[in-house]
Amino acid sequence: MSDSIEKKPAKIVLRELQNKIAEEAWEAKKRGEKVGWCASNFPQEITTAMGIPVVYPENMGAAVGAKGGGQRMCEYAEGMGYSGDLCSYSRINFAYADLKKCEEMEIPFPDFLLCCNNICNCMIKWYENLALEMNIPLLLIDIPHLDERTCDEDRIRYIRAQFDDCIRQLEEITGKKMDLEKLKSVMEVSQRSSRAWLRAVGYMASTPSPFSGFDIFNNMAVANVGRGTIEAAEAFEQLADEYEALAAKGESTFKGEEKYRILFEGIACWAHLKYTYKALQTRGINLTATIYGPAFSFLYGNLDELMAAYAYVPNSNCFERELELRVNDALKNKVDGAIFHMNRSCKHWSGNLYEMERRFREQTGLPTIVFDGDQSDPRCFSEAQYETRVEALVEIMEENKKKEVKA
Amino acid sequence: MNALNRLKNITMNPKAELKEAVASGKKVIGIMPYFCPEELVYAAGMLPFGLWGAEMQANESKQYYPAFICSILHTTLEMGLKGELDDLSAVMIPISCDSLKGMGANWEAGVKNVPVINVAFAENRKIAAGIEFTRSQFRKIQKQIEEIAGRTVSDDEIRKAITIYNENRCAILAFSKAAATHPAEVTAADRCAAIKAGYFMDRAAHTELLNEVTAELENLPASDEGYLKIVTTGIIADAPRLLDIIDKNKMVIVDDQIAHESVNARYVIPEAEDPVLAMAERLAEIEGCSVLYDPGKKRGTQLVEMAKNAGADGILFILTKFCDPEEYDYVPVKRMTDSASIPMLQIEIDQQMTDYGQPESAIMAFAESLR
């Protein structure tokens, strides 16, 4: 680890690392290397081990949303004929693919596409359209939604065959060869990053949590795309160390007193991130549980387990397992209530959200609220609705606290 | 046309078919879209019963699904929640789209009397590993069906079921072809009802009735003079009021790329030593449906070819509201039909719709532009 990295806080290191990954893709493009657009939960071990630069349209969708360009880009895509009911990340991406410019953020244009539907099936249709539009190869690793708690042998064989096939096709497209020793090493580094990530987010169980839970939304980009690199592993270890030190002292980066702790379910409303955060922070509410905590812990011992790990990403599991992940995380991190984001963009996530909220409430006995929003289209969010529901949640959490004191 | 009337009556009251089957001692399995291995149900001596929603208002389902999920899932769940499908011994639910991925858990939570059979198949369905995965999942489903049936199902029984289904597919296509030149005898609503009846009755009996109608039509002179020829594409197009609008504007459906109608009929299951492998191989062949992985958008190519082959004046893209796969497909498909200079109109429908003013105006204007 270099001196400069040691001196900087981990969150700065992570932000710089994210910028570096993006910059490397631009540099590679300038050198004439083949660059890919990649689905966020595509097995990064393949591209990292092969040294193939990839960028993530979903991350761009989030960043454009956060920087205020979501509505403009979504409306442009709607002008192209895309329904306003579709995922806003995809609408932003279609607009960018057509306009070839975006003032909030740009990513190098792709020579191929890497799709994986463990996050949602809409990725498939989205990438089909891009491939047709740009006339470039589309490689799909299909990870069928789990209908049982564990990923069965049939699925593992199927995913493994696609994994191997994808490597063969990427070798043809990019001219780069897969080195199995390098793959092994990337897998080891990815484990190191995942363990460090888990250790870092594990400190949310401390009282108070040593950090503002919304920081997870900022840090997860590197956890997602860069975890196969030594720099990411070291940065997450540093992050975990920093949280450990804060927790030991009973300190936190959360501004103000942590009066209440909540689970936040769903993708952030990037276009209203500041507002959604402030409405909580000013009431002393810290986010101490989110599926993004355990979500990026891809732990495996061998290639077959790696295949299974990608089938266990959030929302790819059967409902009972998804529920268990949330309930366990909430109990472990001692939350007082939960906020569920009914995300207009995400039919997959929203399709079971009401039942998830009901069952979560039944199993934990905790108060919950649901609010309507969207990951990057600002038009689907109402400040008044959010405010009113958060206020209602606070009232119940406060009552519960009083009862606890009396008891 | 007695056979046509019989088919229409079945479509008008599918629940009567369900009651009758159960009363006769037959077990019935609900089959949700898309591409479930219903031949296995038939092979086990049970009745596969199609669940493609219904024209009704969904209320209770909104406790499970948000409003922005398609009406096929909302209204199917609604029927389940109201106990209208309690006679089913199970329901097959695939994971073909993001909204369907939530259906299994919602159903299990709200419909306690009818167990779920989850159906997974490969999206990467054309590669050997994909075909093998689909085969493995269908074999797994076969075991669940055997448990419900209380007996094993042999490969010979599956082969016989496949033959009956293949014959039915051919009968649907032949009927569709005959109906294309006989709009005076078979309205758009009749055409849909005749095909749809197959989802609620014994497939062999459906074939017999359809063939009877087809034979009668083939003996009649064509009645399509002055009609605009259209091809329909989409998930489902069974709303009688929408189909009446098509008739009113003197349009005849000369072919369709509707998942609920001919998409399923266009592909037969090949003969093979392993009949379940053959079912997986058939799935690998299907084109023209947005819920299946379709790099290169062969759906659009196929649609253009269909329209050209049928001498169609135009295409109706009947978009099921809140259907992501359809909404994604629309843009490239529209571009492809535009390139081929084939006029295409998009109509958005929903089974909870009560006001058809908008589609009526749009179709009327479209028809005028084509004449």
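## Second largest cavity

The lining of the second largest cavity comprises 9 nonpolar, 1 polar and 3 charged residues. The model is a predicted one, and the volume computed for this cavity is about 100 Å³. Of the 13 lining residues, those nearest the centre are B:Cys70, B:Cys97, B:Ser99, B:Cys323 and B:Pro325.

In chain B, helix H4 (71-81), helix H5 (98-101) and helix H15 (324-339) each contribute at least two residues to the lining of the second largest cavity. Because domain 1 (18-154) and domain 2 (157-370) of chain B both give residues to this lining, the second largest cavity lies between them.

## Largest cavity

The structure contains 6 cavities of 30 Å³ or more, and the largest cavity holds about 310 Å³ of space. This largest cavity is lined by 27 residues, with B:Cys36, B:Glu38, B:Arg169, B:Asn264 and B:Arg282 closest to its centre. By class, the lining of the largest cavity consists of 18 nonpolar, 3 polar and 6 charged residues.

## Elements around the largest cavity

Four helices of chain B each provide at least two residues of the lining of the largest cavity: helix H3 (38-43), helix H8 (155-180), helix H12 (259-265) and helix H13 (275-285). The largest share, 5 residues, is supplied by H12(B).

With regard to domains, domain 1 (18-154) and domain 2 (157-370) of chain B each give at least three residues to the lining of the largest cavity.

Terms used
Residues are numbered from 1 along each chain as its sequence is written. Chains are lettered from A and ligands numbered from 1 in the order in which they are written. This is a predicted model: local features need pLDDT of at least 70, side-chain atom pairs count only at pLDDT 80 or more; totals for chains, interfaces and linings use all residues. Side-chain values use heavy atoms; hydrogens and water are left out. On a 1 Å grid over the protein atoms alone, a cavity is a set of points where a 1.4 Å probe fits but cannot get out, and a pocket is an open set with protein on both sides within 12 Å along at least five of seven lines; lining residues have an atom within 4 Å of a point. Grid points are joined across faces, edges and corners, and a volume is the space filled by probe spheres set on the points. Ala, Val, Leu, Ile, Met, Phe, Trp, Tyr, Cys and Pro count as nonpolar, Asp, Glu, Lys and Arg as charged, and the others, Gly among them, as polar. Domain bounds come from an automatic or database domain assignment.
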